Amino acid sequence: MRQIDFLEVLENIDDKYIEEAETYKKARKRADVRILLAVAASLLVVIGVAANFVRLALKKKEVPPTTARQAFTEAETVTSEMPATTTPGFTEAYNFEPVNDSLGTQFILVSVRLEGDKANVKFTNISDEPWSFGEYYRLEVLIEGQWYYVPSEDYAVHDLMHEIGPGADITMTYDLSPFGELAPGDYRIACGGPTFNENVYYAYFTKTDDGVFIGTDPTGYPEGYTGET
Amino acid sequence: MEDENIIRLYWDRDEAAIEETSRKYGRYCFAIANNILFNREDSEECVNDTYVKVWESIPPKRPSIFSAFIGKITRNISLNRYKLNNAEKRGGNEMTVVLDEVREIVSGEPDPEEEAIRADLTAAVNDFLATLSVEKRVMFVRRYWYADDVKSIASRMGTSENNISVSVRRIRNNLRDYLIGRGFEL
């Protein structure tokens, strides 16, 4: 069948779908939010600061935890969609759908390597379209099957969007020092979104009991994984 | 004026019907035509032809959703004009892009029995659309019925162009699988 004939097939789709598509109004006015974000970003660029400070929680614990489990024994579980950031300690991380309706994990591959307190997250765009991403990030830790935000000191990110073309990759370096000394455990960096809460990609890594960081390759397997068990 | 009253004017053979139609749906029809033709003059002609066609169709027809009824006529006329304009050349407009994308659903080969299966295909597409969420369905219809560009859909939906591009690509693939699963040879 020729393409234009298929478009003619579409011509007779149900009237209600044509009307629906014409009258559709999105409930949430995200477009307005995006405009505000764009204006905010422009202002930040103009003043040369381009930083947006966000407090994820109160100050980090004075005494670094010895293990992640000990650290989070008193973790507070918050069942609402977004974390209660004013509560000391740890709050349950909102488990975003993988890459909310963005290019999707099958098109954006994420890998991470740790160097000291820097996490180098490599995004590879294997789609045939440009991919836009932001610099927001936060750190989460896995405790008994639940992800929790890791409390941090204040830290800054550039409120800017970047874009890489089809087939291109880029490595973003995220500073993990605001999260203090990390206890052994499984972690992930939620990153890549235009805000903290949109189109989040996860870069997974592990800190072993020996203090060694094991990142992940683009398929999500630990570095060095050969497929052998 | 309410659609019901406009339709009544047509039934009364009152030429004010066309004026009211133009006032209420002129821009809507022009947008549909211009998305396909990307030419102001051709689009305006198609819109005018639409009014004539509606005048000839009502009565005896009494459309339940007038906007969809008139939109379908505009789209049909515009597609025919597009085929006429592009019989030997490829255009550089949004319609060309839409057609390229639709190639992922159909093979591009003419099918002698096409007419016979067209109605079944439309029914199957309607069934498929019913399985989609409203958002996904709107994206698909805006892209392949209205031939909106990705940027316009993203703006309408309040989301990113990436989101729209990826979503419609997935819907296309799913539609192809769905139709093949229903026994259609595409």
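Chain B of this predicted model contains 9 helices and 0 strands. Its order along the sequence is α-α-α-α-α-α-α-α-α. Chain A, by contrast, includes an open sheet of 5 strands.

**Chain B as a whole**

- Chain B has 186 residues, and 39% of them count as buried.
- Take the contacts in chain B between residues at least 6 apart in sequence: 63% of these join residues at least 24 apart.

**Helix 3 of chain B**

- Helix 3 of chain B runs over residues 40–57, which makes 18 residues.
- From the first C-alpha of helix 3 to its last, the distance is 25 Å, close to the 26 Å expected at 1.5 Å a residue.
- Six names make up the list of buried residues in this helix: Ser43(B), Cys46(B), Val47(B), Thr50(B), Tyr51(B) and Val54(B).

- The peptide bond from Ile58(B) to Pro59(B) is cis, and its omega is near -10°.
- Pro59(B) sits in the loop between helix 3 and helix 4 of chain B.
- Pro59(B) and Pro60(B) are also joined by a cis peptide bond, with omega about 15°.
- Pro60(B) is likewise in the loop between helix 3 and helix 4 of chain B.

**Positive phi angles in chain B**

- Arg13(B) is not a glycine, yet its phi is positive, near 55°.
- Arg13(B) belongs to the loop between helix 1 (3–11) and helix 2 of chain B.
- Arg13(B) counts as exposed because it has 10 other C-beta atoms within 10 Å, and the cut-off for exposed is 12 or fewer.
- Phe38(B), which is not a glycine either, has a positive phi of about 55°.
- The position of Phe38(B) is in the loop between helix 2 and helix 3 of chain B.
- Phe38(B) has 18 other C-beta atoms within 10 Å, so it counts as partly exposed; a buried residue would need 20 or more.

**The sheet in chain A**

- The 5 strands of the open sheet stand in the order 6-5-10-11-12, and their pairing is antiparallel.
- Strand 6 (146–149) and strand 12 (213–214) of chain A are the edge strands, each pairing on one side only.
- Within chain A, strand 5 (residues 137–143) pairs with strand 10 (residues 185–191) in the antiparallel sense, over 6 bridges.
- Leu142(A) is opposite Asp186(A), a residue in strand 10 of chain A.

**Confidence of the prediction**

- The average pLDDT of chain B is 85, and 89% of the residues score at least 70.
- For the model, ipTM is 0.80 and pTM is 0.47.

Terms used. Residues numbered from 1 in each chain as written. Chains lettered and ligands numbered in written order. Predicted model: local features only at pLDDT ≥ 70, side-chain atom pairs only at ≥ 80, totals over all residues. Helix = DSSP H or I, 4+ residues; strand = E, 2+ residues; numbered from the N terminus. Contact = placed C-beta atoms within 7 Å. Expected span 1.5 Å × (residues − 1). Pairing = 2+ DSSP bridges. pLDDT = per-residue confidence, 0-100.
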